[in-house]
Amino acid sequence: MTESTTIRWEQDRTGVVTLVIDDPRQSANTMNQAFRDSLAVVTDRLEAEKDTIRGVIITSAKKTFFAGGDLRDLIRVTPETAQDLFDGGMALKRQMRRIETLGKPVVAAINGAALGGGYELALACHHRIALDAPGSKIGCPEVTLGLLPGGGGVVRTVRLLGITDALLKVLLQGTQYNPRRALENGLVDEVADTREDMLARARAFIDAHPESAQPWDRPGYRIPGGTPAHPKFAANLPAFPANLRKQTGGAPYPAPRNIMAAAVEGAQVDFETAQVIEARYFVELAAGQTSKNMIQAFFFDLQAVNSGANRPQGIEPRKVTKVAVLGAGMMGAGIAYACARAGIDVVLKDVALESAVKGKGYSEKLCAKAVARGRTSQEKADALLARITPTAEAADLAGCDAVIEAVFEDTSLKHKVFQEIQDVVAPDALLCSNTSTLPITALAEGVERQGDFIGLHFFSPVDKMPLVEIIRGERTGDEALARAFDLVRQINKTPIVVNDSRGFFTSRVIGHFINEGVAMVGEGIEPASVEQAAAQAGYPAKVLSLMDELTLTLPRRIRLESKRAVEEAGGTWTPHPAEAVVDRMVDEFGRPGRSGGAGFYEYGEDGKRAALWPGLREHFTRAGHEIPFRDMQERMLFSEALDTVRLLEEGVLTSVADANIGSILGIGFPGWTGGVLQYVNGYEGGLPGFVARARELAERYGERFAPPALLVEKAEKGEVFTDAR
Ligand code: NAD
């Protein structure tokens, strides 16, 4: 290899070499073989021609600076190929080390996003200047994929920022900073407004620092804030395990643990040894199952879902300009904010003007908070608020090209509000309902244009929750589905698409999680253990507290409706053991949940959750009745996974990526699993292992754990759940 194919060498008369990364085969520069080869070639040349070179600028010709490692390669690493990954990683680190020890100033001119490998490349330079380009992000998000920055990112951030800041600001949360915030937090040294400005600043640095070296290569260097051996630092050390527990809730996320170990161990040894330590911890993560799960979900599945793998083809994308939001309660107010934030005009309608104004007040609060925290300007906040018009008059909805209904959960009321407005809004307006449980096909019967009617299920709180579940009714047209998809993307949320069914995907599956937790209380298991099992499995909300939030009467009402529907269709209702517990809690003990001031938990005067209700132990707990902790956790995880497989069988779900993403972003299925079906794929022993374990749980805890036919069939054929055809 004598030629660099992805890094262009541009040398000016003053001896400044600009290395322009520009992979001709891809729209972004990645850490592929061509890049590695090119880096070796330019490094050789830099060393050979050192006497004629004054300094080096590394930049890119793409929109992003450098995109880092190719995740398609990483997801295929196995324990058998781990040594190759280690060797390749060390070779790359040696190249970067040669650049940073060249003896000439090297500047990273970060012209666009530098995340992961891109930021690691910049870290190997002596000076970092970021262009303040819109959407540009800087940081090490590896932890969010179950990995650590294995290209020197741990070793160098610890030496640049000190161990505490490196861990808390860069490595453990994986925060992606915009250039200004990257500057404030010490990730870069300067921010430039234009590309010319960036390159001029790079030259100025070279002029001023003819013999540059990294701080850690200078005599007398000490890690900022001290190493663990330092008395001042040792005072911080005990806080780390607690922080770790706080971040993971005790759930099986190996990445934060490895990051911390690589940082703390690496801080006590020389640079080269620290690089080896980092590589070992990196390879361990890459060869393990969790990173594969997380890469599958947060990279591949998320990309598939957001890019419209499930959107009908051949329909021109359309943007909504004016939306009618019906009902200004908790959900309507949140939906109005999300739409206005995306630049859409909103007419927010409630029965009384006062209620609509109150609904707009919610946006006012969110805007004030965003301004106070510096996340937006007063000007932008004012513009957002000006887009929301509260009203009680149907006539004000004229010209709306989309309607999102969020009135009380009641079919006849929903029919009535659509009747009121369907002739006022644009004649082809998209008609959406935010129902969380009512079947869309039956709701559509209340409108004239059933083909334009669709379910758009938002999650609470709307401003924070990234998911929207789109529900296609039997008569919903392709055009409506495509427009609903486009609307969700327009407001920067992630759309999954499901077919109509009672509870759709998310509401139905989360019900299994809750039922399983409640059933365990009914069996006599200590309620605190049930809560702990959910937390340590990685669920963001404990199961009984979640039940209280939803209120016990709501699932009961839904259950009674479902029971009636099943029986009307000639079927038999199989009661879940949780039902008796809920009935006793409501009827016998008068504890309907948080909104009623009493549920599985007790609540203070201020509505704040206090301790678990002691009556639970008195009325339900059987002293000494215990089941293995693993069974408790897997009963929750399996109950959701098994019903998801049934939803695939029933054709409610049509995509594995939607199931994985919907489960994590919508209903808190633990992220380390990669989502509800990736959990099945990645289970010990694969699908056959999962089937065997489901049968074991069925024998111990009830037929509801029996594996569905589709699962057994796939396990027998040696298949996994995938959308790849
Ligand atoms: P809410 O009780 O907070 O708000 C309902 C609002 O609708 C009230 O402001 C009420 O005045 C208004 N309303 C009633 N009749 C009306 C009419 N004829 N015209 C205009 N407005 C009218 O309820 P919510 O929690 O916002 O739920 C609304 C819908 O969203 C329900 O269908 C619910 O199932 C669904 N949903 C709720 C959640 C949640 O977490 N709360 C999540 C997803 C979906």
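This is a predicted model: local features need pLDDT of at least 70, side-chain atom pairs count only at pLDDT 80 or more; totals for chains, interfaces and linings use all residues.
## The eight-stranded sheet

The model contains an open sheet of eight strands with mixed pairing, arranged in the order β11-β10-β9-β12-β13-β14-β15-β16. Its edges are formed by β11 and β16 (494-499), each of which pairs on one side only. From one strand to the next, the twist averages 25 degrees. In general, the strands of a sheet pair through backbone hydrogen bonds, either parallel or antiparallel.

Both senses can be illustrated here. Strand β10 (residues 345-349) pairs with β11 in the parallel sense, over four bridges, and L348 stands opposite P390 in β11. By contrast, the pairing of β14 with strand β15 (residues 467-472) is antiparallel, over four bridges. Within that pairing, H457 has E469 in β15 as its bridge partner.

Strand β11 (residues 388-391) has a covered face made up of I388 and P390, while T389 and T391 belong to the uncovered face. P390, on the covered face, is also the residue that L348 stands opposite.

Helix α15 (residues 353-372) lies across β10 and β11, and runs at about 155 degrees to β11.

## The shell around the ligand

The ligand is surrounded by 24 residues, and the closest are G327, G329, M331, S436 and S460. By class, this shell divides into twelve nonpolar, nine polar and three charged residues.

Three elements, α14 (330-341), α17 (411-421) and β14 (453-458), each supply at least two residues of the shell. Of the contributions, that of α14 is the greatest, with three residues. β14 therefore has a place both in the shell around the ligand and in the order of strands in the open sheet, as these assignments follow from DSSP runs.

## The packing of α20 and α22

Helix α20 (residues 506-523) packs against helix α22 (residues 543-550) at an angle of about 115 degrees, and the axes are 9 Å apart. The crossing of α20 past α22 is left-handed.

On the α20 side, the contact involves F513, I514, G517 and V518, which meet V543, L544, L546 and M547 in α22. This contact has seven nonpolar residues, one polar residue and no charged residues.

Most residues other than glycine have a negative phi, and most peptide bonds are trans. The peptide bond from S460 to P461 is cis, with omega near -5 degrees. P461 is found in the loop between β14 and β15, and S460 is among the residues closest to the ligand.

The other two sites concern phi. F504 is not a glycine, yet has a positive phi of about 50 degrees; this residue is found in the loop between β16 and α20. T551 also has a positive phi, near 75 degrees, and lies in the loop between α22 and α23 (553-568).

Is each of these two residues buried or partly exposed? F504 is buried, because 29 other C-beta atoms lie within 10 Å and the cut-off for burial is 20 or more. T551 has 17 other C-beta atoms within 10 Å, and so is partly exposed.

Technical notes:
Residues are numbered from 1 along each chain as its sequence is written. Axes are lines fitted to C-alpha atoms, for helices over the stretch in contact, and angles run from 0 to 180 degrees between N-to-C directions. A crossing is left-handed if the near helix is turned anticlockwise from the far one by less than a right angle, and right-handed if clockwise. Two residues are in contact if their C-beta atoms, placed from the backbone, lie within 7 Å. Ala, Val, Leu, Ile, Met, Phe, Trp, Tyr, Cys and Pro count as nonpolar, Asp, Glu, Lys and Arg as charged, and the others, Gly among them, as polar. A residue is buried if 20 or more other C-beta atoms lie within 10 Å of its own, exposed if 12 or fewer, and partly exposed in between; C-beta atoms are placed from the backbone. Two strands pair if DSSP finds at least two bridges between them. A residue is near a molecule or strand if its C-beta atom, placed from the backbone, lies within 6 Å of it.
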